[in-house]
Amino acid sequence: MAYDIVISGGLVIDGTGSPARRADLAVDSDRIVEIGEGTYPASTVIDATGCVVTPGFIDLHSHADFSLPLDPAAPTQLAQGVTTIVTGNCGHSPFPIRNEAQARRSIGFRGEVPLSWDWSDAAGFGAEVMSANPAVNVGLQLGHNPLRVAVIGEDDRPPTPAELDEMCAIIAESAQQPGVVGFSTGLIYMPGLFAEENELVTLVQAAADAGLLYSTHMRNETSQLVTAVEEAITVAERAGARLEISHLKAMGPQNWGSVRRALDVIDAARGRGVDVTADVYPYTASSTDVATRLPKWALDGGRPTLLERLADTEQRTRIAEALRARFGRDVDPDGVVIADLLPGEFDRYIGWSISKIGQDRGTDAADAALDLLVANKGAVPMINHAMSDDDVRTVLAHPWVSVASDGWILAASGEGRPHPRSFGTFARVLRRYVLDEGILTIEEAIRKMTSLPASRIGVEDRGVLRPGAVADVAVLDTDAVTDTATFTDPWQLARGVRSVLVNGTPAILDGEFTGRRAGQLVEKGKPA
């Protein structure tokens, strides 16, 4: 009997953290059927001599739900060996939708997103994704922000008991729909930042009761980082939930080193039985929207109301003063670099810091930031250079921290200067922190990219190489693997991935994209 595919001659790293071993791997249909040192006949033989063979990487923190329907071939992911992305993070997801106009305006984190919006719930969005025939697998999360918009709107107020019940019912219903693996919050984003602890506990308990992971972009990642970690753990502990702390980091030089205290809090919680882990990307800059640095009161009512306030001289002055008050403590205006802008008067400022823009315009960084928000409908993507490489190493080395990109770019080329993490996260960890610096062994790094994130979303048949598991497989040339995307020139694919199988179908073969797209919605709790 000939198998469909055999990967021969490679060093197999199975994703569990076990030592690498020389073995061949046989695939039939979409499953791994043999791993051993025997000779397996096959219709297609992939020569992995001199390479490592790993499970396909699982990106636990992606925002590609807003780009996957538009760029389903996902070359930026395949070029890194990523075969599964988990979307709906930071409280953002393209569902549920009650009011399309409001959803288009407020549901994304980068301004209006050019999707069809021809759905109302997770099932409809999942069908939209599958109709695009994606090249990678997708796990969906329900975001708190669109949930709150659908039921409450964009105002700063607590939900009524009836509204809270309605949100819980939507969570329970969503959990039964294909591909849904989690519920997320983004507590610096509108309108999620208006939620108090009791609201969060009630919603997270509904998610936990439905078997979903709880992922959170915490309320603070600067001077109150440890307090924010404690809040996230308290919510999860009260709700009985599995918790994923998103992209753990400390922003601002005054706060560097506090990640160690945050990790101590996580370890203490795990010691008393809280199921909490975190994830990290291997860069010293974040990426979000300029509006997240404004005072909470300025965001009450959403972007249209923010723009009204910015048009009022007195209120704009108050907003600018509040932003200036954060400079040095929480915000470094020299490190806030504009990633993209709408065509027009201001688009020449892409790649400039708000300090430099202020100087160019004869004003200051705060007024420059507000000018950009006004000219760009209240949404200005930025890159914030504010973290320490030592902190990145500290978090990355922790055994309960996964590697995750926080990216969303799937196309190989485009406009603006997006964060390079979309293009290089996994390759960068392998090249810089494993092969060059030895912060992690390669087996441990692969575990953090495969079985650990798979375990967080409750997917049991991906993230490992063993007979019966889904054949999501990457073949890596460790001599060549590297990230090439930079902050000044981000539109570059990673190198060193020789072959990639997605559900047993070759997406990259001997260094060439095949054009075959076999991605699926993942199923939580499905045994191998």
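**Hairpin of strands 2 and 3**

I began at the hairpin of strand 2 and strand 3, where 2 residues sit between the strands and Ser29 has a positive phi near 55°. Strands here are DSSP runs of E with at least two residues, helices are runs of H or I with at least four, and both are numbered from the N terminus. I was working on a predicted model, in which local features need pLDDT of at least 70, side-chain atom pairs count only at pLDDT 80 or more, and totals for chains, interfaces and linings use all residues. Residues are numbered from 1 along each chain as its sequence is written, and side-chain values use heavy atoms, with hydrogens and water left out.

I found strand 2 (residues 21-28) and strand 3 (residues 31-36) running antiparallel, joined by 5 bridges; two strands pair if DSSP finds at least two bridges between them. Opposite Val27 I noted Ile32 of strand 3.

Next I traced an open sheet of 8 strands, ordered 6-7-8-9-10-11-12-16, with parallel pairing. Its edges are strand 6 (57-59) and strand 16 (401-403), each pairing on one side only. From one strand to the next, the twist averages 30° (axes are lines fitted to C-alpha atoms, for helices over the stretch in contact, and angles run from 0 to 180 degrees between N-to-C directions).

At the strand 16 end, I saw strand 12 (residues 276-280) pair with strand 16 in the parallel sense over 3 bridges. Val280 has Val403 of strand 16 as its bridge partner. I also looked at helix 16 (residues 442-449), which lies across strand 6 and strand 16 and runs at about 85° to strand 16; contact means heavy atoms within 4.5 Å.

**Second largest pocket**

I then turned to the second largest pocket, with a volume of about 500 Å³. A pocket is an open set of points on a 1 Å grid over the protein atoms alone, where a 1.4 Å probe fits, with protein on both sides within 12 Å along at least five of seven lines; lining residues have an atom within 4 Å of a point. Grid points are joined across faces, edges and corners, and the volume is the space filled by probe spheres set on the points.

I listed 31 lining residues, with Leu187, Ile188, Arg219, Thr292 and Arg326 nearest the centre. Strand 13 gives the largest share of the lining, 3 residues.

**Overall**
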